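Welcome to this guided tour. Please open the model in your viewer and keep the selection tool at hand.

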Amino acid sequence: MTATLYGIGIGPGDAELLTLKAVRLIGEVPVLAWPAPLEGEGLARTIAAPHIPAGKVEIAIRMGFTVDRDGTEAAYDRAAAEIAAHLEAGRDVAVLCEGDPFFFGSFIYLFARLSPRFAIEVVPGVSSVMAAAADLRAPLCAWDDGVAIIPATRPAAEIEAALAASDAAVIMKVGRHLPKVRGVLQRLGLWDKARIVERVGLPGRKAHDPATVTELPYFSLILVHRRGNAWL
């Protein structure tokens, strides 16, 4: 007897941005899993907390969140085995994923391990991209605009090529890559059109002026459109 594995997107931080389906499943599914640091609750669990009733079996997927891929893969291997045991026993499992499960989501790595063996349902969530556009009152695209989603971790030449080929872009995971990203945007004449926000939807949310920003955390992104403020 097997059950269903749910990958549930819980949005970028605001507990009111969970979908009705996400809230219903969190209440119904007996086992919840969520990525977490080596100590502490984890951001996904914290976001969903107002919707989690007592009595759940919970699996904290502990990992170091570093560039150590071997350690991360081992953490997902252990979590997949623990989740599989519940599924084989007939207990549904819901994995809580910040943002959307298939948009840079941690659920992807469990999906890759477990989808050949179990029924899986993915519940989409509000991504940080959509939340940031709403938060900053910065329309992302219209008509036939092309939009690029670019991790700031990519080399400068690749970021520049993606920006040059698009009308608009979202540059994610900026953090320590801010000087590189700023240099590329300045070369393309786009830095003054950048909209910058960190920790959107979370406590500590902060928007930044491109003229004065000097540093950003990992959970920050930049929206830029060649149209600038011409929407208004």
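Helices (H or I, at least four residues) and strands (E, at least two) are DSSP runs, numbered from the N terminus. Axes are lines fitted to C-alpha atoms, for helices over the stretch in contact, and angles run from 0 to 180 degrees between N-to-C directions. This is a predicted model, in which local features need pLDDT of at least 70 and side-chain atom pairs count only at pLDDT 80 or more, while totals for chains, interfaces and linings use all residues. Residues are numbered from 1 along each chain as its sequence is written, and side-chain values use heavy atoms, with hydrogens and water left out.

**Stop 1: two helices**

Select helix 6 (residues 156–164) and helix 7 (residues 178–187): their axes come within 10 Å and cross at roughly 40 degrees. That makes helix 6 oblique to helix 7, since angles under 35 degrees count as roughly parallel, over 145 as roughly antiparallel, 65 to 115 as roughly perpendicular and the rest as oblique. Now show the side chains in contact (heavy atoms within 4.5 Å). Helix 6 brings Ala156, Ile159, Glu160 and Leu163, and helix 7 brings Lys180, Val181, Val184, Leu185 and Arg187.

**Stop 2**

Next, pick out the five strands that form an open sheet, in the order 3-2-4-1-5 with parallel pairing; two strands pair if DSSP finds at least two bridges between them. Which strands stand at the edges? They are strand 3 (57–62) and strand 5 (119–123), each with a single partner strand, so one side of each is left without a neighbour in the sheet. From one strand to the next, the twist averages 20 degrees.

Zoom in on strand 2 (residues 31–36) and strand 4 (residues 93–97), which run parallel and are joined by three bridges. Click on Ala33, and you will find its bridge partner Val95 in strand 4.

**Stop 3: Ser106**

Select Ser106, in the loop between strand 4 and helix 4 (107–114). Is Ser106 buried or exposed? Ser106 is buried, with a relative accessible area of 16%; buried means under 20%, exposed over 50% and partly exposed in between (1.4 Å probe, protein chains only). Not counting residues up to four places away in sequence, Ser106 touches Pro35, Tyr76 and Cys97.

**Stop 4**

Finish in two loops. Trp143, between helix 5 (128–136) and strand 6 (147–151), has a positive phi near 55 degrees and is exposed at 87% relative accessibility. Lys173, between strand 7 (168–172) and helix 7, has a positive phi of about 60 degrees and is partly exposed at 22%.
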